[in-house]
Every structure is written in C-alpha cells, then in structure tokens.
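User: Hey, I'm new to this one. Can you walk me through some of its strands?

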Amino acid sequence: TKLVDPPLAQIEIGFSREVPPEAEAYLARYAVAGVLAPFFEQGEISAVNAWEIAQERDIEVQHGQVRSTRGHVNLVAITVTTPTGRSHLKGTTDGMRLLEVNDFVIDLRPAGNMLLTIHKDQPGVVAHLATAFADRNINISEMHLARTDAGGTAMMLVGVDCPLEEDVLEAVS
C-alpha cells in the first residue's frame, strides 16, 4: 500500500499450491487486513472485519493460486490495484523472505526500519543516500539493490537502526 496512491480498487492474493485450499480464505483475510491496516487507526482493522471493510469501500478482493518462483515454496503474492496503477509483492513464508517488489527481483527478510526508493539507475544514488545518513549519524544495517536494466529504473531497500524522520526523507528524496 505504500507503493500506490489510494483509493484501492482491488486486492488480489495468490498462494502457491503448498498452501492447502481450505486455508486460502483464512490466510487471505489476514493479507487483506495487512493491506488495509495503514489506512486505519491501530486496532480498527483485523482479519475478522477486513473483507467487510473492503466491501464497504467497494474494494474487490480475490484469492487463488500462484506459481512458485525460483524454487521457493509457501509463496504468497499480493497485488493492489488503484485507478492510477498496480503494485505487487511476492514473498515466501518459508524463511519469511520478500522475493519481488513490482518488477524488481530481490531476496531479503524484511525487519525493523526500512526505506524503499524507486529511482533512475545512475551513479551516485547510493553515495548520496549513504552520505545523508552518515551526516545524521544513521547506521545502515543492510542494503539491497535491484534494477530493471542498466540506466533504467532501480530500487533500493535500506535497513536502518532507527526510524527515519521527515527531514531525512526529504534530504534523500
């Protein structure tokens, strides 16, 4: 949901065949709650009421099967559609790894405070971010880079040791 602008029109959840079909609807409720949670106060949305809230807001919810990626099992794919675009994530519950963000192939275990950037693939972007963090005494715990092609669009996921304040986000944007 951080990668798209509301309003949400559709949420699609896919599970690999290792997930028993009888568990799909149950797990899909948790996924829908996770997608909708950033738009609500803490505690207002849960797996119990997520589908009903989605229906009230005319958000279509679908779930089904998805193919495994790169030999990973227990795959979950979530696609969110808005009037202006789509965003999708693919991950595995086997080791809790994030494997894809939109068109970018990655492999990381999301944890703690993370910054995701989408930017033009060009020299100096990583250095600019690292310098901005160093100037503010912010430690980078991990960094993952991916790109569509050389000179095209790139993505960077950066783990940091503390929450990022608004002035830091402005400096790196």
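Predicted model: local features only at pLDDT ≥ 70, side-chain atom pairs only at ≥ 80, totals over all residues.

User: How do S1 and S2 pair, parallel or antiparallel?

Analyst: They're parallel: S1 and strand S2, which covers residues 60–65, are joined over six bridges.

User: What about S1 and S3, which way do they run?

Analyst: S1 and strand S3 (residues 75–82) run antiparallel, with six bridges joining them. One spot to look at is Ile-13, whose bridge partner in S3 is Ile-78.

User: What holds paired strands together in general?

Analyst: Strands of a sheet pair through backbone hydrogen bonds, in either a parallel or an antiparallel way.

User: Back to S1. Is that strand mostly covered or mostly uncovered?

Analyst: Mostly covered. Strand S1 spans residues 10–15, and five of its six residues are buried, meaning under 20% relative accessible area.

User: OK, new topic. What order do the strands take in the sheet with S7, S8 and S9?

Analyst: The order is S7-S9-S8, in an open sheet of three strands with antiparallel pairing. Strand S7 (113–120) and strand S8 (140–147) are the edge strands, each pairing on one side only.

User: How many degrees does the twist average from one strand to the next?

Analyst: In that sheet, the twist averages 15 degrees from one strand to the next.

User: And how many bridges join S8 to S9?

Analyst: Seven, and S8 and strand S9 (residues 153–160) run antiparallel.

User: Which residue in S9 does Met-143 stand opposite?

Analyst: That's Val-158 in S9, standing opposite Met-143.

Note on methods. Residues numbered from 1 in each chain as written. Heavy atoms only, no water. Pairing = 2+ DSSP bridges. Helix = DSSP H or I, 4+ residues; strand = E, 2+ residues; numbered from the N terminus. Axes fitted to C-alpha atoms, helices over the stretch in contact; angles between N-to-C directions. Buried < 20%, exposed > 50% of the residue type's maximum accessible area, 1.4 Å probe, protein only.
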